[in-house]
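Dear colleague,

I am passing on the structure below, and I would be glad if you kept it open while you read the notes that follow.

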Amino acid sequence: MRVDTQVGIVGAGPAGLLLSHLLHLSGIESVVLELRSRDYCERRVRAGVLEQGTVDLLTECGVGDRMRREGLVHRGIELRFGGRGHRIDFPTLTGGRAITVYGQQEVVKDLIAARLAAGGRIMFEADDVSVHDIQTDRPHVRFLHGGEPMELQCRLLAGCDGFHGVCREAIPAEALSIYERVYPFAWFGVLAQTPPPSAELIYAAHERGFALYSMRSPEISRLYLQVAPDEEAVNWPDTRIWRELHRRLGEEAGERLKEGTILEKGVTGMRSFIAEPMQYGRLYLAGDAAHIVPPTGAKGLNLAVADVGVLARAMAKYFKSGGEDLLRAYSATCLRRVWRAEHFSWWMTSMLHRFPAHDGFQHRLQRSELEYVIGSRAAATSLAENYVGLPFDW
Ligand code: APR
Ligand code: PHB
């Protein structure tokens, strides 16, 4: 069966869903093809920190009601090292900006609900997706739906299918430059039924390794421990997790962390990755399909949102007037912001983690950098303005 639309979108993560929603608001039709089921997409636990610009965009486009009700506005983070906590206050350093803690899967639920309510088409459980003729004006996507071969014809294609998707792979290798770093550690993430030990996030640099204390609600904590890159969750019974969290958090905050039921565990590798340019012919890559950051700077979801904000505007101009200037500028416009976030995420990762190959010299450099960040208003401002997010048109 053949389906026609203006924009074909591969992937129903935050990038693909928000793009489809923004295009709809500009009167442009799209179809989203997603490998997984709706239930799987809505339950997948991922990132949870929204920059001010992300919150503003979701609000302006009408999908921010629940986020504004249930999201937790945070005006600072704590950096913990040497047995003490040091607060970085965002509003005083950034002219009033803050972040909102709201799970990525909640953003996904809100976007799916908005698309379906507006009659949008999301085809879940689309198998064997492949993209064709991406260099021509009639790109198309082939896939199986309910076992039946389908073809989606479109004018423009958006590859929003994440790091392991098929869209980036469809671009000839010689047309892309890849920049990459794989870090010699991973994050072991835990979702626990326990009140967070602090009202704000705690980033703890400890000689046993980094730890992060985040949350999803006043009753649910999201906790991370730096572990070896090949670590497996089965090696971490609950008692070991709590013991290690208490150690890395230090005494006073550690005592406030209550050992509740662990709801979910998983290990995530850490990498920096950028594919340039983010476009080939009529295929435009957005979000994790084009770039990955290590999670220390909490930038992945925000970059995906910023990409599709730029892409939706460029596509709207193209369909309205035939003007291609914004589409031609898409990759360069996004990459400026992407590289800033890549640098910030690499810097936060390098400052806070214990690297297996580091010696005493490097440990002391790390300590000096942390002391500079908490001791100098200029250094604290640099961290704060990157963390809350630079303006979308930066
Ligand atoms: N065909 C169809 N869909 C696919 C395919 C495929 N071959 N491969 C992957 N997908 C889907 C995935 O199942 C997923 O739902 O594409 C979607 C990609 O979504 P995300 O991985 O969430 O990526 P993105 O929308 O760019 O959002 C970036 O996700 O990984 C986090 O930290 C990251 O917060 C950031 C955000
Ligand atoms: C999270 O809450 O999942 C989270 C918070 C901050 C990060 C990374 C992840 O830097």
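Please bear in mind from the start that this is a predicted model. I begin with ligand 2, where an oxygen atom lies 2.6 Å from an N or O atom in the side chain of Ser 214. The side chain of Tyr 224 likewise places an N or O atom 2.6 Å from an oxygen atom of ligand 2, and for Arg 216 the distance from a polar side-chain atom to an oxygen atom of the ligand is 2.8 Å. Ligand 2 on its own would expose 280 Å², of which the protein buries 98%.

The surroundings of ligand 2 consist of 14 residues, and the closest of these are Tyr 203, Ser 214, Arg 216, Tyr 224 and Pro 295. Sorted by class, the shell around the ligand holds eight nonpolar, three polar and three charged residues. Three strands, β15 (201-204), β16 (211-215) and β17 (220-227), each contribute at least two residues to this shell.

The other item concerns a pair of helices. Helix α10, which spans residues 325-352, packs with helix α11, residues 360-375, at an angle of about 115°, and their axes are 8 Å apart. On the α10 side the contact is made by Trp 347, Ser 350, Met 351 and Leu 352, while α11 brings Gln 366, Glu 369, Leu 370 and Val 373. Taken by class, five nonpolar, two polar and one charged residues form this contact of α10 with α11.

Methods. Residues are numbered from 1 along each chain as its sequence is written. Chains are lettered from A and ligands numbered from 1 in the order in which they are written. This is a predicted model: local features need pLDDT of at least 70, side-chain atom pairs count only at pLDDT 80 or more; totals for chains, interfaces and linings use all residues. Side-chain values use heavy atoms; hydrogens and water are left out. Axes are lines fitted to C-alpha atoms, for helices over the stretch in contact, and angles run from 0 to 180 degrees between N-to-C directions. Helices (H or I, at least four residues) and strands (E, at least two) are DSSP runs, numbered from the N terminus. Contact means heavy atoms within 4.5 Å. Ala, Val, Leu, Ile, Met, Phe, Trp, Tyr, Cys and Pro count as nonpolar, Asp, Glu, Lys and Arg as charged, and the others, Gly among them, as polar. A residue is near a molecule or strand if one of its heavy atoms lies within 4 Å of it. A polar contact is a pair of N or O atoms within 3.5 Å; within protein, one must be able to donate a hydrogen and the other to accept it, and residues adjacent in sequence count only if both atoms are side-chain atoms. Accessible areas come from the Shrake-Rupley method with a 1.4 Å probe; for residues, only the protein chains shown count as cover.
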